[in-house]
Amino acid sequence: MDGITIRDAAAQDYPAIAALHLESDLLHHEHLPYIYERTSESHRSEAYIADQIDDENSVFLVAERAGRVVGFSYGYREEKGRLPFHRKRTYLVLDNVVVRQDFRGRGIGKALLEETVYRARSLAYDDILLNVNCFNAAA
């Protein structure tokens, strides 16, 4: 993986994370316009991203190359098992994995996913949940 480092996201990564969110939002609009509006800006504030980064039960990672953030993954904690016959379990919802378009196909998404799985195990999550839209076959 050609000089890629996977590390915890930090507050100073916000501009790159916001740009990656926008890239992802536009891709979703392109393929699912009946669900996603076209946008020209990231709709996640710096405070919102900071809260995600600071959440001790979440996993927020970035992929960095030569000091530039080129991808990220974010997952958060959920609990299931409200009905009496369900076993209670805690799992990580892998909400987003985004790699800059010009860095795709280099194994960066896979590396983010592998590190996310490692972190989820270290946090003792029972499962990981990942949803992928049909248009995103490469994922």
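**View 1. Strand β2 and how well it is covered.** Most of β2 is tucked away, with 6 of its 7 residues buried (buried is under 20% relative accessible area, exposed over 50% and partly exposed in between, using a 1.4 Å probe and protein chains only). Strands here are DSSP runs of E with at least two residues, helices are runs of H or I with at least four, and both are numbered from the N terminus. Keep in mind that this is a predicted model, where local features need pLDDT of at least 70 and side-chain atom pairs count only at pLDDT 80 or more, while totals for chains, interfaces and linings use all residues. Residues are numbered from 1 along each chain as its sequence is written, and side-chain values use heavy atoms, with hydrogens and water left out.

**View 2. β2 and its strand partners.** Two strands pair if DSSP finds at least two bridges between them. β1 (residues 4-8) runs antiparallel to β2, and 5 bridges join them. β2 also pairs with β3 in the antiparallel sense, this time over 7 bridges. L61 is a handy residue to look for: L61 is the bridge partner of D8, and S73 in β3 is the bridge partner of L61.

**View 3. The β2-β3 turn.** The two strands make a hairpin with 2 residues between them. Look for A66 in the turn, which has a positive phi of about 50°.

View 4. Rings of Phe, Tyr and Trp (its six-membered ring) pair if their centres lie within 6.5 Å; planes under 30 degrees apart are stacked, over 60 edge-to-face and the rest tilted. That rule gives 3 aromatic pairs. In one of them, F60 and Y74 have ring centres 5.2 Å apart and planes at 50°, so the pair is tilted. F60 sits in β2 (residues 59-65) and Y74 in β3, 14 residues apart, and both are buried. F60, F72, Y74 and Y76 form one aromatic cluster.

**View 5. The largest pocket.** Its volume is about 1200 Å³. Of the 43 lining residues, H28, N96, V97, V98 and N136 are the closest to the centre. A pocket is an open set of points on a 1 Å grid over the protein atoms alone, where a 1.4 Å probe fits, with protein on both sides within 12 Å along at least five of seven lines; lining residues have an atom within 4 Å of a point. Grid points are joined across faces, edges and corners, and the volume is the space filled by probe spheres set on the points. β4 gives the largest share of the lining, 7 residues.
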